[in-house]
Amino acid sequence: MPAIDPDFAKNRQTVEDHEGHAVFGPIEAPETLGIHGKVVAVDFDICIADGVCIDVCPTNVFDWFDTPGTNPHKSYPDLPPLIAERKADPMREADCIFCMACEVQCPVQAIKIVQ
Ligand code: F3S
Ligand code: F3S
Ligand code: ZN
């Protein structure tokens, strides 16, 4: 099973800013979308839209972000089926209190918390 690279900040380049958080490439939209966030990092190419991260976060860090045409299986063919064409976007990563619930509970290990 794939998992987000814990050293993504070293191994990838920041390619853009999305609503105040960094995006690490490579990006080839709409299929390949990179990693959003630096403190609360979500690998959009692993996220299958399970949503447990949004449900468990005590400080409401995430918002759904629609990503029509996303294809995480292009990067990771072994992923479970995509649930929806949307991602958990760490819109308020500065509000993270490092409870780690999202990282632990994401079924595809798409999230890395960097303290
Ligand atoms: Fe929320 Fe995850 Fe931080 S659940 S508080 S974003 S560790
Ligand atoms: Fe995606 Fe994992 Fe959240 S699949 S929606 S990052 S629980
Ligand atoms: Zn984003």
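Predicted model: local features only at pLDDT ≥ 70, side-chain atom pairs only at ≥ 80, totals over all residues.
Local features need pLDDT of at least 70 and side-chain atom pairs pLDDT 80 or more, while totals for chains, interfaces and linings use all residues. Residues are numbered from 1 along each chain as written, chains are lettered from A and ligands numbered from 1 in written order, and side-chain values use heavy atoms, without hydrogens and water.

Ligand 1 has 13 residues around it, and C57, C96, I97, M100 and C102 come nearest (near: a heavy atom within 4 Å). This shell holds twelve nonpolar residues, one polar and no charged (nonpolar: Ala, Val, Leu, Ile, Met, Phe, Trp, Tyr, Cys and Pro; charged: Asp, Glu, Lys and Arg; polar: the others, Gly among them).

T70 lies in the loop between β5 (63-66) and α3 (72-75) (DSSP runs, helices H or I of at least four residues and strands E of at least two, numbered from the N terminus). T70 counts as buried because its relative accessibility is 5% (buried: under 20% relative accessible area, 1.4 Å probe, protein chains only).

The largest nonpolar core has 20 residues, of which F62, V108 and I111 touch the most other members (a core: buried Ala, Val, Leu, Ile, Met, Phe, Trp, Tyr and Cys joined through side-chain atoms within 4.5 Å). Both β4 (40-43) and β7 (111-113) supply at least two residues of this core. A second, separate core of six residues includes I4, A22, F24 and A41.

The table lists contacts (heavy atoms within 4.5 Å), not counting residues up to four places away in sequence.

| Residue | Contacts |
|---|---|
| T70 | P30, E31, L33, F44, L82, E85, K87 |
| F62 | V40, V42, C53, I54, C57, A88, D89, P90, R92, C102, I111 |

Methods. Buried < 20%, exposed > 50% of the residue type's maximum accessible area, 1.4 Å probe, protein only.
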